[in-house]
Amino acid sequence: MGLEGVSFPTESTSAAARTILSDALRKADPVGARAVENETNWRRNYLNHFRRALEAGIGEATAAQSIAIEGLRSAHELMRFGDVALDDAITGTALSQVFHTRTVTGGADPETELSIPYRGERLRGKTLLAQLDAWVERGVITQSCSEAVQTVQEHPEWLRLEGDTIVVLGAGAEMAPYRALLRWGAEVVAIDLPRPDVQERVRTHAEQSASRVHVPARIVTNGDDDSGADLVTELSAVAHWLDGFKGRLVLGNYCYADGASHVRVSMAADALAAHLVQQRPDTALAFLATPTDTFAVPAAEVAYANRAYAESSTMLRAPLRMISGGRLLQRNYPPGADPGVCDALVPQQGPNYALAKRLQRWRATAARTQGTTVSLNVAPATRTRSVVKNKALAAAYAGAHRFGVEVFEPATSNTLMAALMAYDLKSGAASQPEPWQDEAVNAAHGGLWTTAYHPRSALGLAAVLGIGALRG
């Protein structure tokens, strides 16, 4: 494709996605694999195939694990790094770049109490407990999520994540736990693009922190800022640099990019994860799952959504369903589903976004199978810059509260999710019997799992209702 670093084998990203998904399904669901191969309108119908790739693993842990392992195998065999296979890019001896470590030590005192920013306040103590209860009552987070945050609140010593070095890929991203970790005094490695604006933010936060922050730096002679690394094009150098750190590493992937670049950076991060786990078996992995994906949902959330459906206005619902040919305000789950399937994939985000996020879920499943410590939690819908620049999504988010969905501000989301990561790393909680249950526990889904209506069947209405709010 004429791109440096991690790239697709051909110009067609759709062909690559179809190959990866069909290979993922081939053993667990051969019929589903053939359906992917025979798909003639991928950009329109990819939603159905990604849903099937979840459903084929429900009820049988080995099937879900097979889908994850085979999907990752296919992706690693398919993707390239320049002229070589992706995995060979790390094991090769020739380095185009060598990094040294620049360390910034902040002078602030670490926070010794969990607090979460929310609507202009910092929630702590009883006010945080009250808000957790309110979110559970309104179906915004799961009961297990509330209990996990409360456990961290009861163990503030966990916040420092002592003994671990947290590697934050995409440290400047709005959803990254970087700033929360710095307030808590954690040992952090911050990796983000070597752009002056990005590195200035990373450095400024580090200087004001209670932490010690390590960043990759290169030797330059022209006086420019030499900090930062491009994971897509400097994957091998980043891997070799991280190999030099002592103690347990926690590799957190919070990278985001538009379109096909999101798949490229996700594959770079996945190759790095596979390398570190192989070379350093005590490595832990951390991810955030997007709520706008397809998930198996426990019976408690299904029951909540079905109560909301029963209590909703048929006077509004019936005519809208009639004039739309049944497309609008469809029921989210059939009665008694256990588990239900919440299909919240959003067409506006596109198939590359769906593939990038599914690769992360597959890595979490495959790593757990191998005994690796994994923190993967479903985050709430959040007003990040990448979302609100899409006018349709911005409008839908502005109207989402009409359907019981709370859209969070970035500071609330990233602190809440950082607390859940601390819980996963420090509590020693056991894995669930099935991969879908691992994904469902401690979910902060924002209400997408408990809304009365299938998310896509309400998306357009939410956008219409939200346009006025945005104009206001």
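The expected span of a helix is 1.5 Å times one less than its number of residues, and helices (H or I, at least four residues) and strands (E, at least two) are DSSP runs numbered from the N terminus. This is a predicted model, in which local features need pLDDT of at least 70 and side-chain atom pairs count only at pLDDT 80 or more, while totals for chains, interfaces and linings use all residues. Residues are numbered from 1 along each chain as its sequence is written, and side-chain values use heavy atoms, with hydrogens and water left out.

Helix 14 (residues 350–369) has 20 residues, which should span 28 Å at 1.5 Å a residue, and this agrees with the 29 Å between its end C-alpha atoms. Of these 20 residues, 19 are buried, where buried means under 20% relative accessible area, exposed over 50% and partly exposed in between (1.4 Å probe, protein chains only). Just after helix 14, G371 takes a positive phi of about 90 degrees.

Strand 9 (residues 212–217) is largely enclosed by the rest of the structure, because five of its six residues are buried. The table gives its pairings, where two strands pair if DSSP finds at least two bridges between them.

| Partner of strand 9 | Sense | Bridges |
|---|---|---|
| Strand 4 (residues 100–105) | antiparallel | six bridges |
| Strand 8 (residues 187–191) | parallel | three bridges |

Within strand 9, V215 is the bridge partner of R102, and V213 stands opposite V188. From strand 8 the chain crosses through helix 9 (residues 196–207) to strand 9 in a right-handed β-α-β crossover, meaning that, with the strands pointing away from the viewer, the path from the first strand over the helix to the second runs clockwise.
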